[in-house]
Amino acid sequence: MHRRPPFSAYIIDTIGITVLPSSTVQSGTPVEIICKAKVSHDNIPNLTYTFELRRDDVAIFSSTVTKDSATYEILPARVADSGSYECRVTVKEKSRTSFSQKLEVTGLQTPTLYLDKTTFYAGDDFKATCSAPEERGSFIFRFFQRFRNEEPQQMKQVAPIGNFSETTLILRQTGDYFLYCSYEINLVSGTRRSNRSNEIHVNVRVLQITPVMNVLPSPNVFEGELLEVVCKVLTSVENVEVFLTRDGSVLKKALVSLSHRFRVHEGDSGEVTCKAERGNVQKETYQVIRVKELFSKPHLAVNPVEIFEGEKFKLTCSATVYVPERLSNETVQLYIYKDNVKLTSSGTYISVANPYKNGNYTCKAYAVSQGHSILKQSQTLVVKAKVLVSEPVLSVVGGTLVLGKSFQLLCHSDRGTLPIIYNLHGPNKLNEQRVVSKPGEQAIFNSSAIFKSSDLNNFICHAKNSLNSPSMVGNGRQLLHSTNIIEPVLNPVLTIVPRTGYVSEGQDVKLTCSVEKGTLPIRYTWYHIGKKGALISQTSKELQGTYFIRSVRGEDKGEYYCETNNPANETKQSAAVMIIVKMAGWKKGLIAVFCILLILALVLVIALKTRLLQFKRKGTGKLLVKSAGTKVERLSLTQAEVNEAANATPGMMGKSVWSERVSGSESDDQNSEAAAEPQYTNVQTRQADPNRAPVKKGIDTEYSKMRTSKQGFPEQADGHGSVEYAQLNRETDHHTDHGIHVDHSVQDDHRDEVDSVVVDSVVVDSVVVDSVVVDSVDTSTADHGE
């Protein structure tokens, strides 16, 4: 049985898009856009297609159908429908887009202009409407005017309301105009402009509404007189308003005409304007009014100008008459007011200044001219009695004074009206001035350093705020009681106990840091030169501080100094003192004992060496001098022994070079030889080679000491009496140049001397010993063991 696979197979082959009747059509032509899809599948039933049409990448149509095509109708097509179209088809999970197809719609609808009126006055506004009811899209409408035969000018550009635009226009110049409009549509491909609309002829007439103004009885009047201003418009036009204004203020308003009556005062001089208005049209005319004063504005003055509490002051009010033919001085009444309360009906007021007399004073002048009363008021005069400055008080800024440092002084009075002038006098010809004129300001003076507290008595401060009153004086005596006076520490000195500075190890050292004077408490700090940081710091309420070094050690030696400080915050340093640490007594005794023991050991070693050397000399003589019949024994020197000989001291050379290897038979021979008659034989070797290296000095010295010449016996020359010198090393026989040769010839010329034995050269295990001369060997002495 055949089974359908669990999933369906399909593929979108092609997507086509068609524009009918063509891709370029005239505006108003019906247009169809057809999307068609070709899909291959394995007999999928009820296959659906979703078609989406986009113009310039904006979706404008979507449809889901079971057939393989969809149609979008544009009835009719307009310019706004122009653009690039694409069709996208979705089948189940797959989508595919067609190639783009352009549609070009040509020809915009000609707009229509409408005006609500065609005849009006210059400056009147009117409504204009421009429309293109058959078009769609994004519009911009423009309105144009053409005055007579001049070039057209754009009047306004307006945003649309759908496919039309309505606005208000104004023509301010009289004459004939021709108005029209046009529009634009913005597309992705560019801007399309329409043709001009119909032109409408407009006639703008002149509006005669210029007002006429009359001032009665005359623009030039005296104060107090009655004045009338008439303003009207001679026209038949309705809805004309008339305004009377002065200095930006509207005095009166009416339709067509008005009349305004008022009594003039000295401040009414100026320009009066009459304005006529209809719609957006305004016309105006103006007239200058001049008001002459009969008398001046009253003036109020005070004497003295500077008033202090308790002083008498006088207020005077005065006015000047300008037109004596109309007004005399006697007819002008003067009044003085305080805070709008009348004080007197005359022009003079006298009183004593106090806080209750402070206030706002004014003066009023009243007169009657030709039955008309005139009232004028002076400026406001503020009277406020000043307060005399009180006795100033001196104080140190911050409340603390450090002797020897500069400081600041404040001079202040609790009472007194500003401005106040302060003058400070003091030591070192100090004379400075400060003026305090604003609340919150202070009279602060800079002073150089003083070195005694009593110098504060020499400061004096003067305060003054009145020209007619003497200065108030404050002295510096109170500074001693109100100031925290700090005296810096002076001349710190470091002393030590013991005073010599020499200290034995284990002792205690006392370091005392003291000052001559200074405000307590004082902080003392001790330092050891060469060590980082302070040793110790302490605060004391005395003029000295003490630091102990317990059980002094060798590393405590060196220079010490101390530093002092107090609330003056000035650090002073003492001179350095030296501490020398000596070795402890028991250590000295121990060293002395050690040295004595070392000397004794050296003496003992030297004595032992000397004794051993004597013993070796005797033993060496017995080895060197033998009878002719003595058995030749072999003397061998190893490499180590020769090296040891080269490095040994002179006292040990005999033992190092001439090491004996004596057999038992040789010992017997020596013993027998000791009992026999001693014989003397000259043993002469061959001449020493001058090219050879000299023998070690120690060897020459050692063997030169072996000379003995005490016997002085003549040599016995018989054939059996010669001594044979045995060959030291038989292994050197093959090297004849280094052998030892024995010569038995007798030197007769030296009978009075002990015969000498000369060993020219000995080579033992590649070590050469040259020119060892043995002048004499006393065998008899050796035999006796001396």
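Cys-87 is buried, at a relative accessible area of 0% (buried is under 20%, exposed over 50%, partly exposed in between, with a 1.4 Å probe and protein chains only). Cys-87 pairs with Cys-35 in a disulfide, and the structure holds six disulfides (a disulfide is a pair of cysteine sulfur atoms within 2.5 Å). This is a predicted model, in which local features need pLDDT of at least 70 and side-chain atom pairs count only at pLDDT 80 or more, while totals for chains, interfaces and linings use all residues. Residues are numbered from 1 along each chain as its sequence is written, and side-chain values use heavy atoms, with hydrogens and water left out.

**Disulfides**

- Number the bonded cysteines of the protein in sequence order, and the pairing reads 1-2, 3-4, 5-6, 7-8, 9-10, 11-12.
- The sulfur atoms of Cys-35 and Cys-87 are 2.4 Å apart. The link is right-handed, with 140 degrees about the S-S bond.
- Helices (H or I, at least four residues) and strands (E, at least two) are DSSP runs, numbered from the N terminus.
- Cys-35 counts as buried, at 4% relative accessibility.
- Cys-130 and Cys-181 form another disulfide, with 2.0 Å between their sulfur atoms. The torsion about its S-S bond is about 80 degrees, so the disulfide is right-handed.
- Cys-130 belongs to strand β12 (residues 125-131) and Cys-181 to strand β16 (residues 175-187), so the pair ties together parts that are 51 residues apart in sequence.
- Cys-130 is buried at 0% relative accessibility. Cys-181 is buried at 0% too.
- Cys-231 and Cys-274 form a disulfide with sulfur atoms 1.1 Å apart. This pair links distant parts of the chain, from strand β21 (residues 226-233) to strand β25 (residues 270-278), 43 residues apart.
- Cys-231 is buried, with a relative accessible area of 0%. Cys-274 is buried at 0% as well.

**Nonpolar core**

- The largest nonpolar core has 26 residues (a nonpolar core is a set of buried Ala, Val, Leu, Ile, Met, Phe, Trp, Tyr and Cys residues joined through side-chain atoms within 4.5 Å).
- β10 (112-115), β12, β13 (139-147), β16 and β18 (200-205) are the elements that give two or more residues to this core. Strand β16 gives the most, with six residues.
- Leu-113, Leu-115, Phe-143 and Val-202 have the most contacts inside this core.

**Salt bridges**

- A search of the whole structure finds 25 salt bridges (a salt bridge is a side-chain nitrogen of Lys or Arg within 4 Å of a carboxyl oxygen of Asp or Glu).
- Arg-78 forms a salt bridge with Glu-134, and their closest N and O atoms are 3.1 Å apart. Arg-78 is in the loop between β6 (69-74) and β7, and Glu-134 is in the loop between β12 and β13, so the pair links distant parts of the chain, 56 residues apart.- Arg-78 is buried, with a relative accessible area of 11%. Glu-134 is partly exposed, at 42% relative accessibility.
- Glu-223 forms a salt bridge with Lys-376, with the closest N and O atoms 3.0 Å apart. Glu-223 lies in the loop between β20 (220-222) and β21 and Lys-376 in strand β33 (residues 372-377), so the pair ties together parts that are 153 residues apart in sequence.
- Glu-223 is buried at a relative accessible area of 3%. Lys-376 is buried at 2%.
- Glu-570 and Lys-572 meet through their side chains in a salt bridge (4.0 Å, N to O). Lys-572 counts as partly exposed, at 27% relative accessibility.

**Annotated span and surface patch**

- UniProt, in an unreviewed entry, lists residues 589-608 as "transmembrane region". UniProt positions follow the numbering used here, feature names are shortened, and annotations may be inferred rather than shown by experiment.
- Residues 589-608 are 100% helix and 0% strand, and their end C-alpha atoms lie 28 Å apart.
- Val-593, Ile-596, Leu-597 and Leu-600 make a nonpolar surface patch of about 390 Å². Patches are made of residues with over 30% relative accessible area and no salt bridge, with like charges joined within 9 Å and nonpolar side chains (Val, Leu, Ile, Met, Phe, Trp, Tyr) within 5 Å. Accessible areas come from the Shrake-Rupley method with a 1.4 Å probe, and for residues only the protein chains shown count as cover.
- Leu-600 is found in helix α2 (residues 585-624). Leu-600 counts as exposed, at 52% relative accessibility.
- Cys-595 is partly exposed, at 36% relative accessibility.
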